[in-house]
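Here is a brief report on the fold, packing and selected residues of one protein model. Please keep the sequence and the 3D view open while reading.

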Amino acid sequence: MAFIIKPLVTEKMTKITEKSAVEKTLRAANEKAAKRVGAKEEKFSYVVKRKGKPDETKEKTIYVYTKPARQVYGFIVRPEANKLEIKNEIEALYNVTVEKVNTARYAGKRSQRYTKAGLIKGHKNAFKKAIVTLKEGDVIDFYSNIE
C-alpha cells in the first residue's frame with residue numbers, strides 16, 4: 001500500500017534541507033554535555049574595561065564540537081501511516097538508508113471568502129507530514145526523471 005502521497009519540494013522545506021546539509025560548529029552547554037558529544041576544549045581571553053579602573057584580562061574555557069551534515073527531506077503521507085511504514089517505503093522507492101523519521105499531523109483549517117454570490121465557506125484538508133533524515137552520504141534527487 002502506498003503511504004507516501006507526494007514529496008514536499010516547497011521553498012520552506014528546501015531551506016530546511018539546505019540548513020541541515022551543512023556541518024555546524026556548536027558549543028556544549030557544560031562540561032558534562034561536552035563529554036557526551038565529544039567536544040574539544042578551547043580557551044580564549046578577553047579584556048574587561050571599567051570606567052575609572054584598570055583593564056582586566058580574563059580567560060574563559062568553552063567546549064566546541066561539530067554537528068555532522070544530514071540530508072533531511074519532507075513528504076506528505078497518509079494519516080494512517082506510521083513511522084516504520086514510511087521508512088520502509090522511502091527506502092524501497094528511492095534506494096536510500098533512512099536514519100530517522102519525524103511525523104507531524106496538521107489539522108484542516110476553515111476558510112471563507114466573500115464573492116458576488118455571497119459568503120462561501122469551506123475547509124482545507126487535514127494532512128500528515130513526515131520529515132525524513134537520511135544516512136550520511138545518501139541523497140534523494142526528485143528531479144532525476146525530468147528531461
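The sections below cover the model, its sheets, its helices, its core and a few single residues.

## Model and conventions

This is a predicted model, in which local features need pLDDT of at least 70, side-chain atom pairs count only at pLDDT 80 or more, and totals for chains, interfaces and linings use all residues. Residues are numbered from 1 along each chain as its sequence is written, and side-chain values use heavy atoms, with hydrogens and water left out.

Helices and strands are DSSP runs: H or I over at least four residues for helices, E over at least two for strands, numbered from the N terminus. Two strands count as paired if DSSP finds at least two bridges between them.

β6 and β9 run antiparallel and are joined by eight bridges. Y106 has F127 in β9 as its bridge partner.

Another open sheet has three strands, ordered β2-β4-β3 and paired antiparallel. Its edges are β2 (24–27) and β3 (40–48); each has a single partner strand, so one side of each is left without a neighbour in the sheet. Neighbouring strands here are turned by 40 degrees against each other on average, direction ignored. β3 pairs with β4 (residues 56–67) in the antiparallel sense over nine bridges. F44 has K60 in β4 as its bridge partner.

β7 (residues 110–115) and β8 (residues 118–123) also pair antiparallel, over six bridges. A hairpin of two residues joins β7 to β8. T115 is bridged to G118 in β8.

## Helices on the sheet

Contact here means heavy atoms within 4.5 Å.

Which residues of α1 (residues 11–20) are buried? They are M13, T17 and S20. Buried means under 20% relative accessible area, exposed over 50%, and partly exposed in between (1.4 Å probe, protein chains only). Seen down the axis of α1, the buried residues fall within an arc of 70 degrees, so they line one face of the helix. That arc is taken over the directions from the helix axis to the C-beta atoms. The cover over the buried residues of α1 includes β1 (4–8), β2, β5 and β9. The face turned away from the buried side carries exposed E11, K12, E18 and K19.

## The nonpolar core

The largest nonpolar core has 16 residues. Such a core is a set of buried Ala, Val, Leu, Ile, Met, Phe, Trp, Tyr and Cys residues joined through side-chain atoms within 4.5 Å. F75, I86, I90, V132, L134 and I140 have the most contacts inside the core. The elements giving two or more residues to this core are β5 (72–77), α3, β6 and β9.

Take I86. Leaving aside neighbours within four places in sequence, I86 is in contact with V77, A81, V101, T103 and A130.

## Salt bridge and single residues

R50 forms a salt bridge with E56, with the closest N and O atoms 3.8 Å apart. The rule asks for a side-chain nitrogen of Lys or Arg within 4 Å of a carboxyl oxygen of Asp or Glu. By this rule the count is one. R50 is partly exposed at 44% relative accessible area, and E56 is partly exposed at 34%.

N95 sits in the loop between α3 (83–94) and β6 (98–106). N95 is not a glycine, yet its phi is positive, about 55 degrees. Most residues other than glycine have a negative phi. N95 is exposed, at 71% relative accessible area.

E136 belongs to the segment after β9 (127–134). Leaving aside neighbours within four places in sequence, E136 is in contact with P68, A69, R70 and E99. The C-alpha atoms of E136 and K12 are separated by 22 Å, and the two residues are 124 residues apart along the chain.

Note on methods
Axes fitted to C-alpha atoms, helices over the stretch in contact; angles between N-to-C directions.
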